[in-house]
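Colleague: I've got a model open and I'd like to learn how to read it. Could you take me through some features one by one?

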Amino acid sequence: MGVGLCGRGIVAKPRLYEVASDLGTDSKTLMGILREMGEFVKSPSSALEPPVVRKLAKAFAEKYPDKVEEKKEHTPPAPVVETPKAPPPLPRPIIRHAVRGVPSGAPRPGNNPYAPRQGMGQLATPGPATKRPVKFKAEGDKKPASTHRRVPAPLPQKRTPLRGRGAPGAFGRGNKPKSRKSKTLKRQEFEMRDAPVIGGVTIPRGDGRVIRLMQGASVTDFAEKIDVLPANLLSVLFHLGEMATATESLDEATFEILAEEIGYKVQIVSPDDEDRALLESFSVNLAAEHAEDSELDLAIRPPVVTIMGHVDHGKTLLLDTIRNTNTLAEESGGITQHIGAYQVSVGDRFVTFIDTPGHEAFTAMRARGAKVTDIAVLVVAADDGIMPQTIEALDHARSADVPIVVAVNKIDKEGANPAKIRQQMTEFDVIPEEYGGDVMFIDISAKTGQGVDALLEAILLTADAALELRANPDRTARGVTIEAKLDAGRGAVATVLVQSGTLRVGDRVVTGCAYGRVRAMVDENGLPVESAPPSRPVRVQGLSSVPKAGDSFIVVAEDRQARQIAEKREANERNAQLAKSRKRVSLEDFTRAIQEGRVQSLNMIIKGDVSGAVEALEESLSKLDVGEEVSLRIIHRGVGAITESDVNLATVDNAVVIGFNVRPDRKARDRAAREGVDVRFYSVIYDAIEDIEKSLKGLLKPELEERKLGLAIVKEVFHSSRVGTIAGCSVESGSITRNAKARLIRDGVVVVSDLTVTSLRRFKDDVTEVKSGFECGVGLGSCDDIRIGDEIETIQIVEKPRA
């Protein structure tokens, strides 16, 4: 250390004024030198790190050599203490029987009877023939000489103190010698000697090893991995121009900058590895369970087939033809916006079908369908050819490494050219069997049913030839969630596909962040089932919340274990979402951006009828490129009707509420009207995407605004053979007008839209309008699915110029 810094002994972090005193100068001079060195201190009372002190002393000696020499001249020499010679030791017999007294000239002993060198002197232990002394009263009170002779105190001698103990004194409070440093302290001092000083703090230099962190980890998590204080890492981040807190979730780029600065490498664990480690912490090892299955435990299971292709190429119509149903009429806009899972019988065998959307916004849904499938059926329209979503579906099937069967649909239409489809598919390395390849091409017509039986035979033939479909039905169930929604009467309902084991009513399940006990299970036809073997899709009731589409589900032994897994997953997902949405703000441009008002954002709340549609809409909106001036931020997403809490959140954050196939309840509707919250409703996903994109880019034309006319509550339902179903209603707000557009709402979810008020009666008289507070009979044309408690909302479409 520098000149004069040894007078105070070893100080971990000396103050600036103490260093100035040792150097023989004032604190102001040293503060100037520190500023020249690039170190920042607030006041003379600021503590300095040892490396900074050494640099400061060296810089002071170079800048003021005369003061250093003067300090050396005025430093008094250390006094020389003469050590007295120790007297010769006394004979051993005398020391053994001597009184444990105090040497002459030593301090008076204390009165601690338990200290080995304190207390009053003791007599030598008498021998066996020694008698107890007797007191005599003689002339002049003189006592005879006692048979016990007191040994005089030994001469003063220099004692060598024991290690760790001081000189004799009251309770050992003497002049204690300096204790030896432990090996741990020496090693720490050695490491800190060469440690880098960043932002005024000292952090040991890393050895370049890789630190594995979970998504959404904080500075505290990183500090625990490398055994440093979180406050020191925050100081380094501040020095690098990043602002954060100790518990704030950081993104991967921020961790990489921080780790590179201090000599480490950071690896963010993938969600699959993170979830696998979480399950292993609860003694759930899926890989080990599959390895334990023997050949005798495995049984043949039905194949899982995913129907994929471009939008409007006839996927759902093909599945309806196989199932003899009409699913397409239930979807808004005539396109599939949900994943459907069904099981049909083909002769004496079963085949499980998964129908996926074909619109470009549903990429995640198609990828999910390809991951759980055994065979992919690629539907291509013979009159339309290969389209972008056809190529994307083909890529999903190839990435999942599943065999492909191509169904050339719409061969009954004019202009259909199946040979052209085969030629186009060869350009993407899909070679038909007719051309010497290994992919089966089947010409079908989903509308007339032509070639459907041949397609089913091709599916079973591919499953028997290329796959070995077996699973163990006698273990606890494992599978994946295909779709989930919130039902007002049944709560959270999830469509799950069992992949191994058997799912039974009463099992304790956890899927994603949802958990619960299976209260009931129904098949695709609504019929109750008690158990679901492998490759069986069922709808499960009894979950605590709505899981995400694509979440895996497992059956556990206890409710407590299921709850803990779900809560841990929810915490990890929340941290990952916070890290993903965190905006990196640098110290240089943060104040300038706020002052200039360049930071603008559009906050949005998304609510939908099913989780897959919400996920698809959120992912599509996050991909919108609207420039750097405007940012899109989704502050909340959920499944179910728009509630009052959603409107309150939109009021606080000045957000726009997007309802996808859902409507607000009465309280939410009144609160939104009172607070002026913009609530928009969509039933087709690409309408919402285009509308929001135009809003962000400022390319809005006059819009068609939906204006609410009235709301009526169904009190009674009447059936007439002449006019159909009549709803006896009470008008709650506005007015109900004949020939007005209407929609039927049940528990906050739009059941039927694009309706018209075809008949309106009050008592037995036909009327054109019924106002609030009166009762009336309403006819909605061919709509017969009307129940007591439903809401009939009438609307009017008007043009509104956009701002």
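Predicted model: local features only at pLDDT ≥ 70, side-chain atom pairs only at ≥ 80, totals over all residues.

Colleague: Which strands pair with β20?

Modeller: Two strands count as paired if DSSP finds at least two bridges between them. Strand β13 (residues 478-487) runs antiparallel to β20, with 3 bridges. Strand β16 (residues 508-511) is also antiparallel to β20, over 4 bridges. Take a look at Phe553 in β20: it is the bridge partner of Gly479, and also of Thr511.

Colleague: How many aromatic pairs does the structure hold?

Modeller: Rings of Phe, Tyr and Trp (its six-membered ring) pair if their centres lie within 6.5 Å; planes under 30 degrees apart are stacked, over 60 edge-to-face, and the rest tilted. The structure holds 2 such pairs. Phe60 and Tyr64 have ring centres 5.3 Å apart and planes at 40°, so that pair is tilted. Phe60 is buried at 1% relative accessibility, while Tyr64 is partly exposed at 22%. Then there are Phe222 and Phe255, with centres 5.9 Å apart and planes at 85°, so they are edge-to-face. This pair links distant parts of the chain, 33 residues apart: Phe222 is in helix α7 (residues 219-226) and Phe255 in helix α9 (residues 252-262). Phe222 has a relative accessible area of 0%, so it is buried; Phe255 is buried too, with 0%.

Colleague: Which residue lies over the face of Phe681?

Modeller: A charge sits over a ring if NZ of Lys or CZ of Arg is within 6 Å of the ring centre and within 35 degrees of the ring normal. Here that's Arg663, at 3.7 Å from the ring centre of Phe681.

Colleague: What about backbone angles: what is phi of Lys410 near?

Modeller: Most residues other than glycine have a negative phi. Lys410 has a positive one, near 60°. It sits in the loop between β10 (404-409) and α15 (418-426), and its relative accessible area of 19% makes it buried. Asn739 also has a positive phi, near 70°. You'll find Asn739 in the loop between β26 (724-737) and β27 (741-746), where it counts as exposed at 56% relative accessibility.

Colleague: And Glu49, buried or exposed?

Modeller: Buried, at 14% relative accessibility. Glu49 is in the loop between α2 (27-37) and α3 (50-63). A polar contact is a pair of N or O atoms within 3.5 Å; within protein, one must be able to donate a hydrogen and the other to accept it, and residues adjacent in sequence count only if both atoms are side-chain atoms. The side chain of Glu49 makes one with that of Lys13, at 3.1 Å.

Note on methods
Residues numbered from 1 in each chain as written. Heavy atoms only, no water. Helix = DSSP H or I, 4+ residues; strand = E, 2+ residues; numbered from the N terminus. Buried < 20%, exposed > 50% of the residue type's maximum accessible area, 1.4 Å probe, protein only.
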